Amino acid sequence: MEDLSSLIVIVLIFLAFFLSFSIGGNDETPAPLAATGTLKFNTVLIIGGLGLTIGTIFLSEEVASTVGAKFLGPTVDYTIYMLLSVLISAIIWLIVGSFSGIPLSSTHSLFGSIFGVVITYLLVNPGLDPAGAFNLSKLSSLVIGWFVSPLVGFFLTVILYKIIAIVFLNKLKGLNQIENLETIFSLALLIAVFGVSVYTGANSGEAIGIIYALFDGNYINFGGYWFGKVLLGLFAFLGLFIAGRYVIKNLATQTTDARPSDGFIIQLVVFIVLFVVTPMGIPISHSHVIVFCIIGLNAGKRQEVDYKGLGKMALFWVLTFPIAAIAGGLIYFGFYTNGLI
Amino acid sequence: MKEREINNIHKLSIDDLTNEFMDNINEQNIMLIEGIEHLIEEDFENFNKNLNIVIETRTEVEIKKTFEAKLFKSKKAAFTKADRLKLFAKINDLKNIGEFMANKMLLYKVVFPDDQFKTRIRSIIKSLKDISNKISEAVKSIGPDLEHAHKICEEVKEERRKMRKKEWDLLNRLWNYDMDYLSRTFLYLKEFIEDIMMMADHIKNFAEYIQFLTTKYLIFK
């Protein structure tokens, strides 16, 4: 039985590496930088990848502890089967998201999976106190963070756009001036994209949270935890460089007409949001924030918004948590009924 | 017509090449319009001279080649390569229409039916000269002042509307001359008027394209 546990710990670590690779592979942060054509494409990927790696290794502690320990209350501690159920469920939902072409939140699916697994755990262990299953203050701050962060992104983008329009854009007369200003914004965009990449790595707690949970549950020691962090950072880099290039190239090609100033406004707002929530240990969906920033930019410019597409996206966002919870719960129940737990 | 050394052309920036090309083509249009004035005055020698200059292609091809080579090598900028290329193509179309008109007009030495007809032709080519100069100014205003370019294009469109009325007056007059068979003069003059309007229509479309660009790039106004 102990051999099986060790094997599952190894499987969990490998799944965490796979998850980290797919986080990098799905990260579209450097796309606006690639679209400007200021730097060579591989240089853009290296900048984005480096940001992710630095964030994952050095700034992800708070978010990792939320995922790996603080989210749960005193009644429940992670077991390796719980973690395995969570990871399988989260990965399945991530794959569904990739095929559907909708920017689904891996963060929401992860916490949905944890929620479902813990509820199932309580159901199969009737003696436990349900009130202590979750850290309610952490849970409430998470839910508030998920709802507030996109709205903050929206309003902050509108405000920032208005300010930039008044200070710079409204004063432009001809294309010569526009070109000169956009060249400056290209450089500012480079810095903003790097900052967002760093905090995307820091805020993506899915993989690092699993390693943290293993460390918190004494399945691995402190050295192993740090070694795992470094490897996760490298896998995120490789994910972006190998798999993410297609997503980024695709997005960059579709947005060749996008202005560096637009990209800068969106990236700066995303950076501000991530910069605030990450030290608080609140993992959020940065793709949700980006989508609301884009809507905010269109609203600021008084341009049309695709409400039909937005409605479809909103439906998937609402469904992510319950579906992931059911999937996670069923997987854990499957382990339980097969006598593995 | 303005002549530049080939080496100088290679030193010009993409914007300068566009402006240089526009200048050349506008000068060609003016040469064509002056040629028509010589035709009205039945000064066939100068008419031939002017129109042969219009047909002659000198620095234009070199400017076009240099522009395309520089554009494809250039870094992406706010004013997209696709928009620059289309703008350049629209200028080039002006040249093609001018050449087509010149070749066609040289086929036959027409004598205008009466002074009334001559006066009306003078009026329509004066408008053509006006919108040709204005479109050239609009192209050169894209860099320094998009709103100014937009305003000039509005004037071009307005002038072209007036030209349409002049065209119907001329055609009406032409169809009612006492020519009971399909004469060469009739055919020549009918197509001559239509070709002038073809050039005017292209300039109007060009003006609309410039207005599209100003709307696209001045989104925050």
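The model is predicted, so local features require pLDDT of at least 70 and side-chain atom pairs count only at pLDDT 80 or more, while totals for chains, interfaces and linings use all residues. Residues are numbered from 1 along each chain as its sequence is written, and chains are lettered from A and ligands numbered from 1 in the order in which they are written.

**Chain A**

Select chain A and colour it by secondary structure. Chain A has 13 helices and 0 strands; helices (H or I, at least four residues) and strands (E, at least two) are DSSP runs numbered from the N terminus. The radius of gyration of chain A is 21 Å, close to the 20 Å that the globule rule gives for 341 residues, so chain A is as compact as a globular protein of that length. That radius is taken over C-alpha atoms, and the globule rule is 2.2 Å times the number of residues to the power 0.38. Along the principal axes, the C-alpha atoms of chain A fill a box of roughly 75 × 35 × 30 Å. Of the 341 residues in chain A, 53% are buried. A residue is buried if 20 or more other C-beta atoms lie within 10 Å of its own, exposed if 12 or fewer, and partly exposed in between, with C-beta atoms placed from the backbone.

**Chain B**

Next, select chain B, which has 8 helices and 0 strands. Its radius of gyration is 19 Å, close to the 17 Å that the globule rule gives for 221 residues, so chain B is as compact as a globular protein of that length. The C-alpha trace of chain B spans about 60 × 40 × 20 Å along its principal axes. Buried residues form 33% of the 221 residues in chain B.

**Where the chains meet**

Display both chains together. Here 15 residues of chain B are in contact with 16 residues of chain A; two residues are in contact if their C-beta atoms, placed from the backbone, lie within 7 Å. The side of chain B that touches chain A has 9 nonpolar, 2 polar and 4 charged residues. Ala, Val, Leu, Ile, Met, Phe, Trp, Tyr, Cys and Pro count as nonpolar, Asp, Glu, Lys and Arg as charged, and the others, Gly among them, as polar.

**Helices H2 and H4 of chain B**

Select residues 14-40 (H2) and 59-73 (H4) of chain B: the axes of these helices come within 10 Å and cross at roughly 155 degrees. That makes H2(B) roughly antiparallel to H4(B), a term for angles over 145 degrees. Among the residues that meet are B:Leu17 and B:Phe21 in H2(B), with B:Ile63 and B:Phe67 in H4(B). The residues of this contact between H2(B) and H4(B) divide into 6 nonpolar, 4 polar and 3 charged.

**Helices H3 and H5 of chain B**

Move to residues 44-55 (H3) and 81-105 (H5) of chain B, which pack at an angle of about 140 degrees with their axes 9 Å apart. B:Leu51, B:Val54 and B:Ile55 in H3(B) meet residues of H5(B) including B:Ala102 and B:Met105.

**Two loop residues**

Select B:Glu42, in the loop between H2 and H3 of chain B. Its phi is near 60 degrees, a positive value in a residue other than glycine. With 12 C-beta neighbours inside 10 Å, B:Glu42 counts as exposed.

Finally, select A:Asn218, in the loop between helix H9 (205-216) and helix H10 (222-254) of chain A. A:Asn218 has a positive phi of about 60 degrees although it is not a glycine, and with 7 C-beta neighbours inside 10 Å it counts as exposed.

Key
Axes fitted to C-alpha atoms, helices over the stretch in contact; angles between N-to-C directions. Parallel < 35°, antiparallel > 145°, perpendicular 65-115°, else oblique.
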